[in-house]
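My notes follow the order in which I looked things up.

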Amino acid sequence: MDDIVKKVKKANAVALKVGNSYIDISAIYELASDAEVSLITADSKEGIEIYRHSTSHIMAHAVKELFPSVKVTIGPATEEGFYYDFDSERPFTPEDLLSIEEKMQEIIKKNNPFIRKVVSKKEAIAFFSEQKEAYKVEIINEIKAEEVSLYEEGGFVDLCRGPHIPSTGYIQAFKLLSIAGAYWRGSEENKMLQRIYGTAFKAKDELKDYLKLLEEVKKRDHRRLGKELDLFSMNDEIGAGLILWHPNGALIRKTIEDFWRNEHLKAGYQLLYTPHIAKIDLWKKSGHLDFYSENMYSPMDIDGIDYELKPMNCPFHIFVYKNAIRSYRELPVRYAELGTVYRYERSGVLHGLLRVRGFTQDDAHIFCREDQIDNEVFNVLEFTLFILQTFGFEKYEIFLSTRPEKYVGTPEGWELSTNALKRALELKGLPYEIDPGEGVFYGPKIDIKVKDSLSRKWQCSTIQVDFNNPERFGIMYRGKDDKEHMPIMIHRALMGSLERFFGILIEHYAGAFPLWLAPVQVSVITVAERHMEYALKIAGFLRTNNIRVETDLGGDKVSYKIRQSTVKKVPYSVIIGDKETENNTITARKRSGENMGFDSMESFLEYLNIEVTKKSTKEQV
RNA sequence: GCCACCGUAGCUCAGCAGGUAGAGCAGCUGAUUUGUAAUCAGCUGGUCGGGGGUUCGAAUCCCUUCGGUGGCUCCA
């Protein structure tokens, strides 16, 4: 035991792990001498959580000291920090955060030990009633066990399962980040509380790095870059959550769309265009009015009949399928569409391009026979990864969602298709997690989250089996046996929505798009007026060879023009001076600042074309 | 939708103990013709998000509306 105590000190451990549970370090002497104990330090996921959770207690302590009338509620650790929710008559201000931080420093300096006390529920309720902490009483009343644990530190007692760090002095670096409203227990029915977010690290450097990362995230914010690079905008006279694609953004979108369409044709899809509205009866039949009406807009009256803006494309694709009698021979039928849909999102959740009210899905529906489902899912998976990789997303997290409580179709059908999804993932050798019961009511699904250059995760792709629509619309094919069969319908989107994907791309590349996507690929810059003729010749040559060129021939200094081009994140600047004009050569400057020489404009074009064709996400060396 | 904060020139922001708007960048004009991240000078530009109110007087205070930002399933 003494051995462990020594180790604890040396490792600066925050807690201990015994079997599957975590305990306070001070509990070490209560353990049997042969107990298997491992040390938890702030380097581990569990350790840092304990560390941050303890920081949230210290924050609650500080708040109670500064504002005694505030009632405490809960304060867990989160993925990147912690928060604590308070019921306060007066909302907190940014200035309050500073004084709370100061108070926390004091508490940390005192190095108060965290002391655990186990009491009966009755005792605990009596204690918190006395303290007028109604939320704590409510929580205790819902705890099933007979006893609950309390933690005290410097006179501040909080209900807590623990464990905690041994004493407040363990906290080396923390920062309070923001104030927000949050409903008690996350329900809109309940009172709105004041939440304070913060984070803590075991070393000052780590906190500094984290704050730097937050700065970097801010710099990459697609809303900011969207303005700076003139990619898109929104306008309150048009409406919230509705996007205007500016020429630069539209050009990138066109490039993405061209790529998408070409690859879909190669992969055996057929392209569709369908209307933006349809009669309300269609949406009754599809079940959207029952299951999705919260996200749909009010109907519009056309000649006395109600029409709805479409929130999804599926019903239209189904009618294309149904427009003829299908034979088992023509399956699988794969319909793809860049389909623009409109969905009601609550005003508070709208966010730049990432959460909007009108967007274009890269949608497709595959109608296939049961014996084709494995192959189809596998191909979709492979196709998805190919598309995502082209945009520079190499890391994923994959989730398989299974049957929820409320579902349509038969358990056998669910089993069959869930297994098909599983087999495809395994055949492709992709690690995945199962999200039990998280499938949509109409079928199981695979969700793919991509990790961007800052390791942030974004949900883009989804592959879903749909039992609902084939049944509701009675879609059939004529089998080999000359009988009617219901095909299996697979619904999938790879980028999800073009708006959202564009937002993710902007942040992923920090606005510096790879050559094939960049709205302006080459900027031709002259040193002096006498170089204009040669510059125009080069620009014209590149332009007629499908390179997107811009010229800067004015009387500004070269350094100014280069700055202009760099700020716009143009991949290549071509600088034309006496040297180039005399020898008919090209000097190109990369965004990174590196210079390259080419002995002719043809060789420069060839160089560019290689990069464009490869859709390289990295600049060539 | 809810809570908090914010909304001043195309952009970034200053002005806010109420006295009727200002800077930098951008734009325009002129000068400069320059070799790798900002040449100089002048000029233009705002019914201070919209509407209403308090006041002799409102960008500044109040109400309302529209938009934006951070959050609102990480459960002692």
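This is a predicted model: local features need pLDDT of at least 70, side-chain atom pairs count only at pLDDT 80 or more; totals for chains, interfaces and linings use all residues.

**Entry 1: strand E17**

I began with strand E17, residues 333–342. How many of its ten residues are buried? I found nine, so by the under 20% cut-off the strand is mostly covered.

Next I looked up its partners. Strand E13, residues 270–271, is joined to E17 by two bridges, and the two run parallel. Gln270 has Tyr335 of E17 as its bridge partner. Strand E18, residues 358–368, is joined to E17 by ten bridges, and this pair runs antiparallel. There I traced Tyr342 to its bridge partner Gly358 in E18.

**Entry 2: sheet E14-E16-E15**

I then turned to an open sheet of three strands, with the order E14-E16-E15 and antiparallel pairing.

I checked the pairing of E15 with strand E16, residues 305–309: three bridges join them, antiparallel. Ile302 has Ile305 in E16 as its bridge partner.

**Entry 3: sheet E6-E7-E8**

Another open sheet of three strands came next, in the order E6-E7-E8, again with antiparallel pairing. Its edge strands are E6 (115–120) and E8 (156–159), and each pairs on one side only. Neighbouring strands in this sheet are turned by 30° against each other on average, direction ignored.

Four bridges join strand E7, residues 147–153, to E8. I followed Leu150 across to its bridge partner in E8, Leu159. I marked Leu159 for the next entry, as it is among the residues that come nearest to RNA strand B.

**Entry 4: RNA strand B**

Which residues come nearest to RNA strand B? Of the 57 around it, I listed Leu159, Cys160, Gly555, Arg563 and Asp578. I sorted the residues of this surface by type and got 23 nonpolar, 16 polar and 18 charged.

I then asked which elements supply the surface. Helix H17 (558–567) gives the largest share, six residues. Others that each supply at least two include helix H5 (134–142), strand E9 (173–183), helix H7 (222–228) and helix H18 (578–583).

On the RNA side, I looked at the atoms within 4 Å of the protein: 53% belong to sugar or phosphate, and the rest to bases. I noted contacts of both kinds. The side chain of Lys227 has an N or O atom 3.0 Å from a phosphate oxygen. The side chain of Glu580 has an N or O atom 2.9 Å from a base nitrogen. Asn595 places a polar side-chain atom 3.2 Å from a base nitrogen.

**Entry 5: domains**

Last, I looked up the domain bounds. Chain A is divided into domain 1 (1–41), domain 2 (47–217), domain 3 (232–508) and domain 4 (522–614). I took one distance: the C-alpha centres of domain 1 and domain 4 lie 66 Å apart.

Definitions and conventions. Residues are numbered from 1 along each chain as its sequence is written. Chains are lettered from A and ligands numbered from 1 in the order in which they are written. Side-chain values use heavy atoms; hydrogens and water are left out. Buried means under 20% relative accessible area, exposed over 50%, partly exposed in between (1.4 Å probe, protein chains only). Two strands pair if DSSP finds at least two bridges between them. A residue is near a molecule or strand if one of its heavy atoms lies within 4 Å of it. A polar contact is a pair of N or O atoms within 3.5 Å; within protein, one must be able to donate a hydrogen and the other to accept it, and residues adjacent in sequence count only if both atoms are side-chain atoms. Ala, Val, Leu, Ile, Met, Phe, Trp, Tyr, Cys and Pro count as nonpolar, Asp, Glu, Lys and Arg as charged, and the others, Gly among them, as polar. Domain bounds come from an automatic or database domain assignment. Axes are lines fitted to C-alpha atoms, for helices over the stretch in contact, and angles run from 0 to 180 degrees between N-to-C directions.
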